[in-house]
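Here are my notes for when you have the model open on your screen.

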Amino acid sequence: MNEPEKTEFWEASFIDKQEMWGFEPANSAALTKDFFVEKSVKNILIPGIGYGRNAQVFRDNGITVTGIEISKTAIEMAEKHYGKDLAIYHGSVIDMPFDNQLYDGIFCYALIHLLDSSERDKLIRDCYNQLSDNGYMVFTAISKEADTYGKGRFISKDRYEIFEGVQMFFYDRESIHAEFDQAGLFEITEITESFPFFLIKCKKQ
């Protein structure tokens, strides 16, 4: 799926389903908030912020949030629910960076597994480059333990089109190490959201 098609897909999804994930933050957003608070993280970037449901838990704890979102509709929804002071850049994470600010933390939820391998590499590198020294980035990614693994149209190793327009790469510990070791990987935990996920933590040394 090329860039305009991706924009269109997510735009249509948000127009059609609106607040499709409700307003409760994801389990991993709550855990990452605890981790960021413990590490005195003050400002974070959320690539693929959607309509902001995972942003508020950080803001409630005094952390400034900046987002990136491909869907204009999702950004309008975020403004409606969370106010105009939640800064969100309109565009694809593939086109990062959108500013030259360094962030204490980056939280990237359920996004990386939707990208192909060169896009994943670029996203990890771009996020790492936008971290301040000793900053942390936390990614959540779908695991091979998910029921959907191996279903749908095979694209490449561990990557399937599970339904039209959605291609997913399924991670195991080996592929996490392969992609994140260069980016200060220090912890991998298994976590259940709507699917089995990995919570991947990196630190910029």
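**Notes on strands, charges and rings**

1. Let's start with a strand pair: Glu190 stands opposite Phe198 in E10. Glu190 itself lies in strand E9 (residues 185–192), and E10 covers residues 196–203. The two strands run antiparallel and are joined by seven bridges, with a hairpin of three residues leading from E9 to E10. For the bookkeeping, strands (E, at least two residues) and helices (H or I, at least four) are DSSP runs numbered from the N terminus, and two strands pair if DSSP finds at least two bridges between them.

2. A word on what you're looking at. This is a predicted model, in which local features need pLDDT of at least 70 and side-chain atom pairs count only at pLDDT 80 or more, while totals for chains, interfaces and linings use all residues. Residues are numbered from 1 along each chain as its sequence is written, and side-chain values use heavy atoms, with hydrogens and water left out.

3. Back to Glu190, which also forms a salt bridge with Arg173, with the closest N and O atoms 3.1 Å apart. Arg173 is in helix H6 and Glu190 in strand E9, so this pair ties together parts that are 17 residues apart in sequence. Glu190 counts as exposed at 56% relative accessibility, and Arg173 as partly exposed at 38%. The cut-offs here are under 20% relative accessible area for buried and over 50% for exposed, with partly exposed in between (1.4 Å probe, protein chains only).

4. How many salt bridges does the structure hold? There are 12, where a salt bridge is a side-chain nitrogen of Lys or Arg within 4 Å of a carboxyl oxygen of Asp or Glu. One of them brings together the side chains of Lys33 and Asp34, at 2.7 Å from N to O. Lys33 is buried, at 16% relative accessible area, whereas Asp34 is partly exposed, at 40%.

5. Lys144 and Asp172 make another salt bridge, the closest N and O atoms being 2.9 Å apart. This pair links distant parts of the chain, 28 residues apart: Lys144 is in the loop between strand E5 (131–142) and strand E6 (153–156), and Asp172 in the loop between strand E8 (166–169) and helix H6 (173–180). Lys144 counts as partly exposed, with 24% relative accessibility. Both residues belong to a salt-bridge network that also takes in Lys157 and Asp158.

6. E6 is joined to E7 (residues 159–163) by three bridges, and Arg153 has Glu161 in E7 as its bridge partner.

7. Which residues make up the aromatic cluster? Ring pairs link Phe35, Phe36, Phe58, Phe107, Tyr109, Tyr136, Phe186 and Phe197. The structure holds 16 aromatic pairs. Rings of Phe, Tyr and Trp (its six-membered ring) pair if their centres lie within 6.5 Å; planes under 30 degrees apart count as stacked, over 60 as edge-to-face and the rest as tilted.

8. Take Phe36 and Phe58: their ring centres are 5.9 Å apart and their planes at 40°, so the pair is tilted. Phe36 is in helix H2 (residues 27–38) and Phe58 in helix H3 (residues 56–59), 22 residues apart. Phe36 is buried at 0% relative accessibility, and Phe58 is buried at 0% too. Phe107 and Tyr109 also make a tilted pair, with centres 6.2 Å apart and planes at 35°. Phe107 is buried at 0% and Tyr109 at 15%.

9. Finally, have a look at Ser28 in helix H2, which is buried at 1% relative accessible area. Leaving out residues up to four places away in sequence, Ser28 touches Phe107, Tyr109, Thr140, Ile191, Glu193 and Leu199. Contact here means heavy atoms within 4.5 Å.
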